[in-house]
Amino acid sequence: MQILLGTVTENDYAIIAHLKDKKDSEGLFEGEYYEDSLRRLRRIPTYNPDFEMIARTDEDEIVGHILLMEEMIVNGEDLQHPLMIKSLSVKEDFREYGIGKALVEAAESRAKEAGYNEIIVEGEPEYFQSLGFKPLSECAIEVPDNEDINQFSIILLWESLDTCPQGKLILENI
C-alpha cells in the first residue's frame with residue numbers, strides 16, 4: 001500500500017471530520033464536534049489551505065489529516081508568528097504505519113518553505129517529542145493561564161536557530 005500526501009479540497013471535508021469517529025461518554029460521535037472545530041478554523045481570516053494536508057491510500061481512501069494555523073508570541077513590542085498544529089488525526093486502522101509522522105514532516109517542510117521558524121503543538125507530548133519536538137517548558141515562553149505548559153512541545157525548523165522564541169503564547173485560533 002502506498003500513502004500519498006496532498007492538500008485538502010472541499011470535497012474532502014466531510015471525510016476528514018470522521019477520521020475521529022468514536023463515541024464519547026454520552027454516546028455522541030466525536031466526528032461531529034471535530035467537524036465543527038475544523039469548520040470554525042477554516043473560517044478564520046489567517047487560515048491557509050497550504051497548511052492543511054491529507055494522507056490517502058493509492059485506493060483514494062483518506063486515512064490522515066493535519067491542520068496548522070498561525071498563532072502569536074508576544075515579547076514586549078516584538079511579535080512572532082509560529083505555526084501551531086491544531087489537528088492531527090490518523091484513521092484508527094492505519095495507525096502505527098508512520099502516517100502521522102509523514103504528515104508532520106510534510107507540514108514542517110511546507111512551513112520552512114513559507115519562512116516559518118517553529119511549530120508548536122499542544123497535547124501528546126511523548127509522541128511529538130519522539131518526532132524531534134522538545135518540551136515548550138525548555139523555552140522562555142509562557143502559555144495562557146488556563147493551560148498546562150507540560151502539554152506543549154516545539155520544534156525549531158532551522159538548524160541555525162539555537163534558541164527558542166521568548167514571550168507569551170497567545171492562542172487566538174481555538
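Modeller: Two strands are said to pair if DSSP finds at least two bridges between them, and strands here are DSSP runs of E of at least two residues, while helices are runs of H or I of at least four residues, numbered from the N terminus. This is a predicted model, in which local features need pLDDT of at least 70. Residues are numbered from 1 along each chain as its sequence is written.

Biologist: What makes strand 4 and strand 11 a pair?

Modeller: Three bridges join strand 4 (residues 72-75) to strand 11 (residues 167-170), and because the definition asks for at least two bridges, the two strands pair. They run antiparallel, and Met72 stands opposite Ile170 in strand 11.

Biologist: Which sheet holds these strands, and what is the order of its strands?

Modeller: They belong to an open sheet of four strands with the order 5-4-11-9 and mixed pairing, where strand 5 (78-80) and strand 9 (141-142) are the edge strands, each pairing on one side only.

Biologist: Why is Thr57 called buried?

Modeller: Thr57, found in strand 2 (residues 52-57), has a relative accessible area of 4%, and buried means under 20%, exposed over 50% and partly exposed in between, with a 1.4 Å probe and protein chains only, so Thr57 is buried. Leaving aside neighbours within four places in sequence, Thr57 is in contact (heavy atoms within 4.5 Å) with residues including Met1, Val63 and Phe94.

Biologist: Why is Gly98 called partly exposed?

Modeller: Gly98 lies in the loop between strand 6 (83-90) and helix 3 (99-113), and its relative accessible area of 40% falls between the two cut-offs, so Gly98 is partly exposed.

Key:
Predicted model: local features only at pLDDT ≥ 70, side-chain atom pairs only at ≥ 80, totals over all residues. Heavy atoms only, no water.
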